[in-house]
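Happy to look at this one with you.

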Amino acid sequence: MNPGLLVVVNGAAGSAEDEPIEAALAALGSGADVEVAATASADDLDDVVGRLDGRRPVVIGGDGSLHAVAAALDRAGVLGRQPVGLIACGTGNDLARSLGIPLDPV
């Protein structure tokens with residue numbers, strides 16, 4: 001059984017409302033149970049990581065968002081136990097360009 005996805009977006013960046021992000025979330029939701037968690041602080045991220053409950057984390061954002069989630073997973077002692085998904089769409093989308101992944105979040 002698919003345990004689902006816990007999608008983390010930076011609530012302070014407001015990216016959770018952008019059309020490309022909504023399209024990406026719809027695409028994810030077509031194949032898995034998806035919960036979205038908008039975070040604005042390290043404490044928020046720690047709370048989200050504590051709620052993973054077997055679900056796979058997916059980060060929507062840039063390198064700062066990815067780093068923040070990785071740090072929260074490390075603080076919880078679970079970094080490296082499962083894959084972390086990434087939908088790269090930070091400001092300028094430099095992370096996607098650097099990694100050579102598609103610029104379209106879907």
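Q: How much space lies in the largest cavity of this predicted model?
A: About 30 Å³ of space lies there. The structure holds one cavity of 30 Å³ or more.

Q: Which residues line the largest cavity?
A: The lining is made up of Val8, Leu45, Val48, Val49, Leu52, Pro57, Val69 and Leu73. Two elements, α2 (42–50) and α3 (63–75), each give two or more residues to this lining. The largest share, three residues, comes from α2.

Q: What makes the lining of the largest cavity nonpolar, polar or charged by class?
A: Val, Leu and Pro count as nonpolar, and the lining has eight nonpolar residues, with no polar and no charged ones.

Q: Why is Thr39 called buried?
A: Buried means under 20% relative accessible area. Thr39 has 7% relative accessibility, so it counts as buried. This residue lies in strand β2 (residues 34–39), and its contacts beyond four places in sequence include Val8, Leu45 and Val48.

Q: Why is strand β1 described as largely enclosed?
A: Five of the six residues of β1 (residues 5–10) are buried, so the rest of the structure largely encloses this strand.

Q: How do you know that β1 and β2 pair?
A: Pairing needs at least two bridges, and β1 and β2 have six, in the parallel sense. For Val7, the bridge partner in β2 is Val36.

Q: What makes β1 and β3 a pair?
A: Here too the cut-off is at least two bridges, and five join β1 to β3 (residues 56–61), running parallel. Val7 has Val58 as its bridge partner in β3.

Definitions and conventions
Residues numbered from 1 in each chain as written. Predicted model: local features only at pLDDT ≥ 70, side-chain atom pairs only at ≥ 80, totals over all residues. Heavy atoms only, no water. 1 Å grid on protein atoms, 1.4 Å probe; cavity = no way out; pocket = protein on both sides within 12 Å on 5 of 7 lines; lining within 4 Å. Points joined across faces, edges and corners; volume = space filled by probe spheres on them. Helix = DSSP H or I, 4+ residues; strand = E, 2+ residues; numbered from the N terminus. Buried < 20%, exposed > 50% of the residue type's maximum accessible area, 1.4 Å probe, protein only. Contact = heavy atoms within 4.5 Å.
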